[in-house]
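Q: Could you walk me through reading the bonds and bridges in a protein model? I would like the general idea before each case.

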Amino acid sequence: MTHPRSIPFGLASAAALALALTACGGGDGGGGTALPFLPVAPAPAASAPPPAPTDEVPAPTEPVAEVDDSFDEYYNVCRGTNPKCYNDWGAFATTPDRVLIYSRTAGPRHAVLGTPMAAGLNPTMNTDNVMQAGLVRMLSAEGITVDWTEDVAVLGSRINNYKAIIFASSNRDTLWNGAVSTSQDAARTALRNYMRRGGGFVGLHNAFGAEYNWPYYEGLLGNANFYNHGPNRAGDVEIVSDDPSTKDVPKRFSFQDEWYNLMPFPTKVKFLAKVDTSTLKPLTSAPHPGHADFHPVAWCQYYDGGRAWLTTLGHNAHSFTADLSGVGAIEFQKLVVQGVKSAMGLTPFCTTE
């Protein structure tokens, strides 16, 4: 079978031969009779050439990029368990191991806080300031210097002197200073900038009832807020994650609290402990249905450059006393101390598993 390429090749060969004869005097040289035309046989069929070799390397397959959801567009911050959300600027590298307890209330006051304290830094404590005194005692035993205040102006002006700030059931608009005519939100700005420079925040119990109208603070709590609670009752706490803050805390212990229901429910955090809801009787209080499937009571996250360690526990005075007589007081106090130390950066924080 003649390959299609042979036909034009044969014609081209014949034409070339005819031209060659003419150019070489193919005639009689004197106008005589021309030599007869000699037909040229078609060239034999050529086989299809093999594909040319190539040194090209196939383009590599593009790897599938990992989804990074560390940036929270709602709160406009980097938050979660990824250490990339921590601003390791060394701002507290030379700061002493010192924390500030902030227990100002701008609404209902838990009995565990006792009588409101005077203004200023480290005012004389009243005998019924059980929560504050308990925190001072247990943290001082760890070699940590502890200051305390219920003065919003002190918090706003001194916050950067501490490796961690402990909001001890400080509720409602606790950062709003209505006593001044300008910059009434100065403490909010101070807290935000404190977190951005790598500060530590610890929220205990009714810290979840604070700053309802400031979205940044809700994000600081882990995208969570207090909604309601059932009666103060017994229940079993279960540790759900290994973490420096849960080290050597029994995996399960009895406790007593109000077991806050949350709205919204925390997200993008490392859950540390939950309550076994089968031990709660009743489960919740109307109208909230309760968190029957998973009811967290402690968690941690990086937030806007800083560290945040949080627990909804801490309603009862007997959870903070030195005699450790309250149900679960030993385990609870160990959990809180280790949580504070991790927020300060004295131990690894909110480790991933």
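A: Let us start with burial: a residue is buried under 20% relative accessible area, exposed over 50%, and partly exposed in between, using a 1.4 Å probe and protein chains only. C85 is buried, with a relative accessible area of 2%. Before going on, note that this is a predicted model, where local features need pLDDT of at least 70, side-chain atom pairs count only at pLDDT 80 or more, and totals for chains, interfaces and linings use all residues. Residues are numbered from 1 along each chain as its sequence is written, and side-chain values use heavy atoms, with hydrogens and water left out.

Q: How much of the protein is buried, and how many helices and strands are there?
A: Of the 353 residues in the protein, 48% are buried. Helices (H or I, at least four residues) and strands (E, at least two) are DSSP runs, numbered from the N terminus. On that reading the protein has six helices and 13 strands.

Q: How many disulfides does the structure hold?
A: A disulfide is a pair of cysteine sulfur atoms within 2.5 Å. The structure holds two. With the bonded cysteines numbered in sequence order, they pair as 1-2, 3-4.

Q: What does the disulfide between C78 and C85 look like?
A: Its S to S distance is 2.0 Å. The torsion about the S-S bond is about -65°, so this disulfide is left-handed. C78 counts as buried at 19% relative accessibility, and C85 is buried at 2%.

Q: Which handedness does the disulfide of C300 and C350 have?
A: This one is right-handed, because the torsion about the S-S bond is about 90°. C300 lies in strand β12 (residues 296-303) and C350 in the segment after α6 (329-344), so the pair ties together parts that are 50 residues apart in sequence. The sulfur atoms of C300 and C350 are 2.2 Å apart. Both ends are buried: C300 has a relative accessible area of 0%, and C350 has 2%.

Q: Now for charges. How many salt bridges does a search of the whole structure find?
A: Side chains of opposite charge can pair when their charged atoms come close. A salt bridge here is a side-chain nitrogen of Lys or Arg within 4 Å of a carboxyl oxygen of Asp or Glu. The search finds 13.

Q: Where do D97 and K163 lie, and are they buried or partly exposed?
A: Their side chains meet in a salt bridge, 2.6 Å from N to O. D97 lies in the loop between β2 (77-80) and β3 (98-102), and K163 in the loop between α3 (152-158) and β5 (164-168), so the pair ties together parts that are 66 residues apart in sequence. D97 is partly exposed at 32%, whereas K163 is buried at 13%.

Q: Which parts does the salt bridge of R196 and D304 tie together?
A: The side chains of R196 and D304 meet at 2.8 Å, N to O. R196 lies in helix α4 (residues 186-196) and D304 in the loop between β12 and β13 (306-311), so parts 108 residues apart in sequence are tied together. R196 counts as partly exposed at 32%, while D304 is buried at 11%.

Q: Which residues are linked in a network of salt bridges?
A: D236, E238, R252, K274 and D276 are. Within this group, R252 forms a salt bridge with D276, their closest N and O atoms being 2.6 Å apart. R252 is in strand β9 (residues 252-257) and D276 in strand β11 (residues 270-276), 24 residues apart.
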